[in-house]
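Please read the text alongside the sequence and the structure shown here.

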Amino acid sequence: MEHQMSKWSLSIATLNTHPIAGFRWRRLRSELAALLRLWAERSRQRRHLAEIAKWDDYVLKDIGVSRQQALDEARKPLWRP
């Protein structure tokens, strides 16, 4: 008896050779990389803001935020805008 694959079976080779699937994987990787870059940038900005909030009222006034606003922004998780 010969083994038959159901119409729902999908082999790894199909994912690697099917043009639409390949496009979707490349797009997903690209979007994921962009998201990770965004989160890294937010993290860097928030660390700097937290540092400024500790010692420099003049700079805070210059950028138009209060110490409390700076600390609140610095405490936000990196995935929140």
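## Salt bridges and surface

Arg44 is partly exposed, with a relative accessible area of 33%, where buried means under 20% relative accessible area, exposed over 50%, and partly exposed in between, using a 1.4 Å probe and protein chains only. Its salt-bridge partner is Glu41, and the closest N and O atoms of the two are 2.4 Å apart; a salt bridge here is a side-chain nitrogen of Lys or Arg within 4 Å of a carboxyl oxygen of Asp or Glu. Both Arg44 and Glu41 belong to helix α2, three residues apart, which is about one turn of the helix, and Glu41 is likewise partly exposed, at 31%.

The model is predicted, so that local features need pLDDT of at least 70 and side-chain atom pairs count only at pLDDT 80 or more, while totals for chains, interfaces and linings use all residues. Residues are numbered from 1 along each chain as its sequence is written, and side-chain values use heavy atoms, with hydrogens and water left out.

| Pair | N to O distance |
|---|---|
| Glu73 and Arg46 | 3.2 Å |
| Asp57 and Arg67 | 2.3 Å |

The side chains of Glu73 and Arg46 meet in a salt bridge. This pair links distant parts of the chain, with Glu73 in helix α4 (residues 67-75) and Arg46 in helix α2, 27 residues apart. Arg46 is buried, with a relative accessible area of 7%, whereas Glu73 is partly exposed at 27%. Asp57 forms a salt bridge with Arg67. Because Asp57 lies in helix α3 (residues 57-63) and Arg67 in helix α4, the pair ties together parts that are ten residues apart in sequence. Arg67 counts as partly exposed, at 31% relative accessibility. Salt bridges that share partners also join Arg46, Glu73 and Lys76 into one network.

As a whole, the chain has four helices and zero strands, taken as DSSP runs (H or I, at least four residues, for helices; E, at least two, for strands) numbered from the N terminus. Buried residues make up 12% of its 81 residues. The accessible surface comes to about 7,200 Å², of which 60% belongs to carbon and sulfur atoms, as computed by the Shrake-Rupley method with a 1.4 Å probe.
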